[in-house]
Amino acid sequence: MSQGVSWLHDPALIQSLYIVAFSLFIYGLMGLTGPKTAVRGNLIAAAGMAVAVGATLLTPGMGNWWLILLGVAIGTAVGIPAARRVKMTAMPQMVALFNGVGGGAVALIAWVEFRTTHGYAEEPRYVAIASLFSAVVGSVSFWGSNIAFGKLQEILPGRPIGLGRLQQPLNLVLLLIAVGCAVAIVAGGDAELLMIVLLLSSAVLGVTVVLPIGGADMPVVISLLNAFTGLSAAAMGLALDNTALIVAGMIVGASGSILTNLMAKAMNRSIPAIVAGGFGGGGTAAAVDAGDRSVRQTSAADAAIQMAYAKQVVVVPGYGMAVAQAQHAVAEMAELLEARGVSVLYAIHPVAGRMPGHMNVLLAEADVPFEHQKEMDDVNGEFPRTDVALVIGANDVTNPAARTDPASPIYGMPILNVDASRSVIVLKRSMNPGFAGVDNALYFDPKTSMLFGDAKSSVSELTAELKTL
């Protein structure tokens with residue numbers, strides 16, 4: 001190596017670059033607290049990752065550069081088009097899939113380390129423990145994320161799929177097999193079969209943990225698996241003595257864990273209860289029998305008149321708005337109402353849609369002011385003085401049964417108190433229930449009117465009627 005470039009491999013320089021990278025990670029993460037700074041925050045964090053990757057490549061003894069460049073080229077060729085072409089409605093699926101790839105990569109690295117060190121024969125014990133932890137958790141994250149992707153993409157049924165009472169004993173057996181293989185390896189076993197059994201049992205565990213979880217819990221599952229991937233990456237960084245992996249993994253693991261806890265609280269469910277599965281019907285339950293309970297239908301013209309002469313309208317977006325890509329139509333309608341002196345707010349439930357912040361992202365795409373987007377705790381006090389609440393495809397998060405029916409599976413879940421409004425207009429394709437698979441009592445409230453049809457078409461009709469008033 002020529003002395004002219006030897007300074008590039010100075011450990012002090014590499015550590016300094018890592019410090020710069022971590023500072024950019026944290027500063028970028030701070031920018032993700034609001035839509036106005038989120039893009040800048042992402043770019044700053046991406047710059048930090050570029051610095052961290054560069055510092056890692058400068059580490060003495062780095063492997064085959066051509067192979068590294070080939071991997072970067074393949075990842076770029078796949079990742080950039082996928083990210084640019086994905087629809088906003090499919091963003092949760094992409095997050096689940098990309099998160100799973102990270103966990104799978106960590107598990108494969110652990111396998112390579114096992115092979116190249118002959119079962120960690122000459123490595124300190126903590127290296128073996130950290131690497132095997134990464135293998136188990138990374139494999140669970142990879143396969144669990146793929147199942148979550150399949151459910152969100154509707155390749156797999158959204159309803160819980162499990163073995164009933166045998167499910168948890170099976171999961172425990174699979175976990176014990178993986179842990180047993182890890183203990184045997186740490187104790188000195190170098191048979192590659194042990195590592196293969198560990199990876200396979202962890203893979204099956206990832207599948208059997210997520211399959212019994214219903215569609216209503218998918219936002220929490222995505223966040224939990226994201227935390228798993230971060231923790232596995234941090235542990236692998238410890239095994240490889242790689243500062244970038246340790247810090248980045250801990251940031252992802254910590255933020256994912258905090259978000260998972262917040263999401264679980266928003267649904268009034270414990271994380272163990274979510275992992276136990278069995279909740280959420282994926283919206284496949286039968287429609288309500290109109291002969292037993294009737295609903296009141298309305299027209300776009302009547303609904304437009306109600307909103308045009310209201311003092312305050314609260315829009316409650318849900319997954320129906322996302323599916324129909326109606327956010328731009330909603331923003332246009334809101335502009336017309338505001339021009340008439342109507343105050344328009346947006347009520348955002350923490351688990352509306354299929355991932356945290358799903359509704360905020362869609363509304364930001366339509367240039368809806370962030371200050372008009374109110375979180376659940378802030379907006380619930382507004383409903384009693386709201387003339388019209390316009391619910392667009394939001395089911396479980398507006399269901400009063402969560403407060404009034406102890407027999408309901410969503411009982412106790414904090415909801416948007418839409419039923420406190422003076423009148424409610426619900427835009428929905430049909431009377432089919434939401435992800436939890438239960439009927440929404442709001443639809444049968446005398447103050448509620450149903451406007452059936454595609455959300456985007458219905459909002460466009462409302463906008464056209466408003467223009468004629």
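Reader: What makes strand β2 (residues 312–317) and strand β3 a pair, and in which sense do they run?

Author: Four bridges join β2 to β3, and two strands pair if DSSP finds at least two bridges between them; β2 and β3 therefore pair. They run parallel, and Val 313 stands opposite Val 344 in β3. This is a predicted model, in which local features need pLDDT of at least 70 and side-chain atom pairs count only at pLDDT 80 or more, while totals for chains, interfaces and linings use all residues. Residues are numbered from 1 along each chain as its sequence is written, and side-chain values use heavy atoms, with hydrogens and water left out.

Reader: Why is β3 called mostly covered?

Author: Five of the six residues of β3, residues 343–348, are buried, where buried means under 20% relative accessible area, exposed over 50% and partly exposed in between (1.4 Å probe, protein chains only).

Reader: How do you know that β6 is mostly covered, and which of its residues point which way?

Author: In β6 (residues 424–428), five of its five residues are buried. Val 424, Val 426 and Lys 428 point one way, whereas Ile 425 and Leu 427 point the other way, and all are buried.

Reader: What are the partners of β6?

Author: Strand β5 (residues 388–392) pairs with β6 in the parallel sense over four bridges, and Val 391 stands opposite Val 426. Strand β7 (residues 448–452) is joined to β6 by five bridges and also runs parallel to β6. Within β7, Ser 449 is the bridge partner of Ile 425.

Reader: Why are helices α2 and α10 called roughly parallel?

Author: The axes of α2 (residues 11–31) and α10 (residues 243–266) come within 10 Å and cross at roughly 15°. Axes are lines fitted to C-alpha atoms, for helices over the stretch in contact, with angles from 0 to 180 degrees between N-to-C directions. Angles under 35 degrees count as roughly parallel, over 145 as roughly antiparallel, 65 to 115 as roughly perpendicular and the rest as oblique; α2 and α10 are therefore roughly parallel.

Reader: Which residues make the contact?

Author: With contact taken as heavy atoms within 4.5 Å, the residues include Tyr 18 and Phe 22 of α2 and Val 247 and Ile 251 of α10.

Terms used
Helix = DSSP H or I, 4+ residues; strand = E, 2+ residues; numbered from the N terminus.
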